Amino acid sequence: MTTVTMTVNGKSVSREVESRTLLSAFLRDGLNLTGTHIGCDTSQCGACTVHVDGKAVKACTMFALEAEGAEVGTIEGQSSHGKLNTIQEAFKEHHGLQCGFCTPGMVMTTAALLKDNPTPSEAQIRAHLEGNICRCTGYHNIVKAIMAASGQDVSAIAAA
Amino acid sequence: MPKDINEVVGRREDARFLTGTGRYTDDITQHNQAAAVFARSPIANGIIRKIDVSAAEAMPGVLAIFTGEDFTEVGGNPAGWMINSRDGSPMHEPKRPVLAHGKVRHVGDAYAAVIAETPEQAQDAMEAIDADFEELPAIVDMAAALSGDDYVHDEIGTNQCFDWGWIEDNRAATDAAIQGAHHVTTLELVNNRLVPNAMEPRCSMASYHPATEEYVLHTTSQNPHLTRLLISAFVLGIPENKLTVIAPDVGGGFGSKIYHYGEEALVLAAAKKLGRPVKWTADRTEAFLTDAHGRDHVTKIELALDAEGNFLAFRTETMANVGAYLSNFSTATPTFLHGTLMAGNYTVPNVYVNVKAVFTNTAPVDAYRGAGRPEATYSIERVIDKAARELGMDPITLRRQNFVKPDQYPFASAAGLEYDSGNYDALMDRMEEIADLGGFTARRAASEAKGMWRGLGINAYIEACGIAPSNLVGVLGSRVGLYDAATVRVNATGNLSVMVGAHSHGQGHETAFPDIVADMLGINAASIDIVHGDTSKIPFGMGTYGSRSLAVCGSAVVRATEKIIVKAKKIAAHMLEASDLDIELKDGVFSVAGTNSSVSFGEVALKAYIPHDFPITEIEPGLEETAFYDPANFTYPSGAYCCEVEVDPETGKVSVERFTAVDDFGNVINPMIVTGQVHGGLGQGIGQALLEHTTYDENGQLLSASYMDYTMPRADDLPFFHVDHSQGTPCTHNPLGVKGCGEAGAIGSPPTVVNAVIDALNSGGKPVTHLDMPLTPHRVWSAMQTV
């Protein structure tokens with residue numbers, strides 16, 4: 001067991017971990033931040049997407065020890081004091097989620113996308129979601145929500 | 001300025017899912033919880049010669065190891081429907097044990113389970129189990145399975161589960177109609193095998209309390225009461241009153257979480273043995289190997305027409321793969337959920353369907369979004385398209401000519417169902433308008449100008465859902481009833497808890513169901529909460545599948561609320577010193593007709609629980625009512641779909657450029673949720689048509705067992721969809737007038753896409769008549785080279 005220290009959602013945390021412990025397991029089991037979901041074992045589905053030093057990362061692809069000293073952001077840090085952020089509001093308003101399992105990863109991926117590209121085109125959004133799988137929505141309302149979250153007029157998109 | 005969570009329009013469920021505070025089974029950790037990991041067969045078919053667990057038992061943290069030997073005294077997981085073969089003999093129903101015993105029958109078949117302090121320790125120990133198998137030839141191909149001498153279940157002596165005819169009495173007439181027809185179009189096709197792939201892998205966690213002998217099972221289920229019934233009555237014999245099954249937030253189901261699986265029984269047994277909670281969580285590979293798969297039909301369909309293009313008969317022969325064991329709905333799916341739909345939207349007078357269900361050394365196959373109706377629609381709508389092409393007829397005209405007309409309802413179809421309502425021409429009209437079929441020629445020219453072939457595919461579908469009338473399904477072999485239940489509890493302070501048998505795992509019941517009650521009572525929906533998923537809290541309902549939640553459980557909510565109104569009127573009458581026959585309820589206020597004497601809903605609620613002056617021989621205290629609703633018929637959603645694709649002649653790659661879905665769901669309670677359900681179904685249906693394929697090799701190894709090998713639709717595989725449900729014809733037999741909407745998209749879209757690709761290839765000078773799904777670039781490109 002080794003001690004790992006990192007900042008998670010603005011708070012410094014320190015825990016003993018096995019060297020094989022994944023960051024995803026560390027967040028879920030070690031810190032009880034269960035909003036980070038595990039949907040696959042090959043880093044394809046994106047349900048575990050978090051931010052590490054400002055970049056979107058699949059938490060199942062990193063060991064917890066690799067996040068030593070890092071700033072880690074999870075879905076639990078996206079809203080504060082009962083207020084949804086702009087992306088979360090847009091997903092809710094445009095029905096960009098159904099079962100909710102992929103949703104944390106979608107929100108975290110979207111946050112990273114909009115940071116780099118504040119008004120992405122539909123094609124850019126669809127390409128950027130390559131690493132996030134949703135089985136419920138057919139992506140229609142997710143793409144629409146992301147366009148809305150970035151301030152684009154979505155009224156012309158087929159009704160939802 | 002950020003808004004409070006509940007100020008944003010959308011669903012009530014959304015706030016917890018968007019903030020990471022949903023509560024899925026794997027998110028729940030119990031004190032002193034142990035972990036289970038399963039040892040799974042690496043081969044498709046073999047005799048278990050040895051399972052030596054001694055080394056594994058000595059590994060760190062190991063608490064117990066179970067093998068099939070530990071479950072020889074308990075029951076098996078049954079099929080929910082008994083199907084009889086054409087000769088009247090019952091289907092073959094092999095035992096499905098908790099853990100494999102004697103033989104393993106598919107890759108992934110669990111033969112042992114390790115319980116340890118942590119999942120990592122259990123995994124390490126599982127790998128230390130010394131198991132030895134005598135490998136037998138794998139039975140994978142259905143035709144070979146039916147003709148060969150090797151059996152998945154030796155004690156049965158055949159790989160044919162049943163040989164079913166529907167309707168057997170119509171066979172001779174159908175044969176004669178085909179024999180004498182002006183034209184017969186024949187099509188051989190494969191309905192490709194799919195893996196449901198709910199994003200949340202299955203997870204089950206059990207605890208046991210010795211002092212009360214009570215078990216609690218948290219599990220990823222679409223129907224916790226059905227799971228409890230199966231475990232109690234068939235598998236472990238735990239009394240129902242000692243077993244609580246809780247399905248908390250569930251991350252999608254699509255059919256795969258209807259069924260009881262052996263892992264649920266194992267964690268219950270382990271929890272009792274160890275006196276500790278035990279949790280198992282599937283990884284994605286386990287999901288691919290062991291979740292019930294969908295579809296997997298090999299079909300020959302014939303359509304007979306007269307000289308004017310009138311349909312005379314559909315005749316179908318299908319082999320349906322049921323895998324190594326019978327999953328709970330596996331025998332109903334290729335039969336009564338498929339054969340009964342083989343008249344489609346048409347007045348065709350003769351239909352005959354033959355289905356042979358085949359055991360193979362593959363994972364069990366069962367209902368997956370649509371369950372039998374996608375297979376029926378695909379066969380019908382593909383052969384009609386082929387017929388139109390052979391006869392040089394317009395595919396829309398040919399369909400319209402044979403549609404059931406609005407004045408023909410109720411319509412007795414040649415496949416044995418009574419369609420209650422519909423208007424297929426109106427759907428087609430609306431589809432032609434929204435899809436702008438008039439602009440297709442220009443769009444095709446634009447595609448061709450950039451070197452692409454453009455195709456137009458259209459489709460009409462009908463399906464039967466909202467399953468189902470218990471008296472009908474009982475006659476057809478179901479071993480359960482298919483009603484649902486709701487309890488409406490008016491609390492003393494005037495808010496309501498509505499306990500429902502349906503389970504919401506993406507469908508938005510927590511948002512839609514309160515509106516039904518609020519509308520009937522004239523009160524604010526915000527004061528009504530839905531309770532679901534916990535057998536200790538809800539009445540015995542059959543759960544969510546077959547697009548039944550609103551049509552069946554929603555109707556139970558209506559019936560229970562009607563009872564509430566009857567009783568509340570009696571209380572109001574007592575309070576107002578009037579006859580309950582004179583009490584009117586409007587906008588949440590009870591008043592005496594023709595007077596200004598009234599009491600509010602809240603005052604009645606409070607009085608119900610503080611009945612100081614009740615006439616106790618006439619009115620019981622409290623305000624809580626339960627209703628069970630058993631539907632009189634299926635509901636029959638229908639639709640007209642249109643797809644435009646571009647095919648790249650250089651690579652064979654298909655892209656979906658436009659997709660229009662016009663559906664008749666009867667009355668619509670929540671248009672946003674209904675539209676979302678269609679979107680999701682379209683995503684899965686287009687996935688089936690273009691991307692998804694489950695592949696076993698000749699040794700029964702699953703080649704597509706991860707997201708690196710099985711192509712899930714991504715955002716850039718799909719366009720924005722045009723969805724419309726403005727042409728609804730209300731269901732005539734349920735109180736809401738609603739029809740199920742959950743599966744329509746997945747039912748209607750695959751043939752639409754394939755019809756479009758065939759059209760594109762023909763426009764490019766490649767007279768391809770059929771391609772089997774998925775239409776991958778390789779398949780499309782190969783077809784271009786050979787014609």
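The model is predicted, so local features need pLDDT of at least 70 and side-chain atom pairs count only at pLDDT 80 or more, while totals for chains, interfaces and linings use all residues. Residues are numbered from 1 along each chain as its sequence is written, chains are lettered from A and ligands numbered from 1 in the order in which they are written, and side-chain values use heavy atoms, without hydrogens and water.

Salt bridges were counted over all chains, and the total is 54. A salt bridge is a side-chain nitrogen of Lys or Arg within 4 Å of a carboxyl oxygen of Asp or Glu. One of them joins the side chains of B:R16 and B:E510, at 3.0 Å from N to O. This pair links distant parts of chain B: B:R16 sits in helix α1 (residues 14–18), B:E510 sits in helix α14 (residues 509–521), and 494 residues separate them. Helices (H or I, at least four residues) and strands (E, at least two) are DSSP runs, numbered from the N terminus. B:R16 counts as partly exposed, because its relative accessibility is 24%. B:E510 counts as buried, at 13%. Buried means under 20% relative accessible area, exposed means over 50%, and partly exposed lies in between (1.4 Å probe, protein chains only).

A second bridge pairs B:R400 with B:E432, at 2.9 Å from N to O. B:R400 lies in helix α10 (residues 395–402) of chain B and B:E432 in helix α11 (residues 424–434) of chain B, so the bridge ties together parts 32 residues apart in sequence. B:R400 is buried, with a relative accessible area of 18%. B:E432 is partly exposed, at 28%.

Strands are joined as well. B:E624 and B:R489 meet in a salt bridge of 2.8 Å, N to O. B:E624 belongs to strand β25 (residues 624–629) of chain B and B:R489 to strand β19 (residues 484–490) of chain B, 135 residues apart. B:E624 is partly exposed at 38%, and B:R489 is partly exposed at 31%. Salt bridges also form a network, which includes B:D436, B:R443, B:E644 and B:R658.

In chain A, helix α5 (residues 140–149) is mostly covered, with 9 of its 10 residues buried. Among them are A:H140, A:I142, A:K144 and A:M147. The cover includes α2 (86–93), α3 (103–116) and α4 (122–128) of chain A, together with α17 (671–690) of chain B. Just after α5(A), A:G151 takes a positive phi of about 85°.

Definitions and conventions:
Contact means heavy atoms within 4.5 Å.
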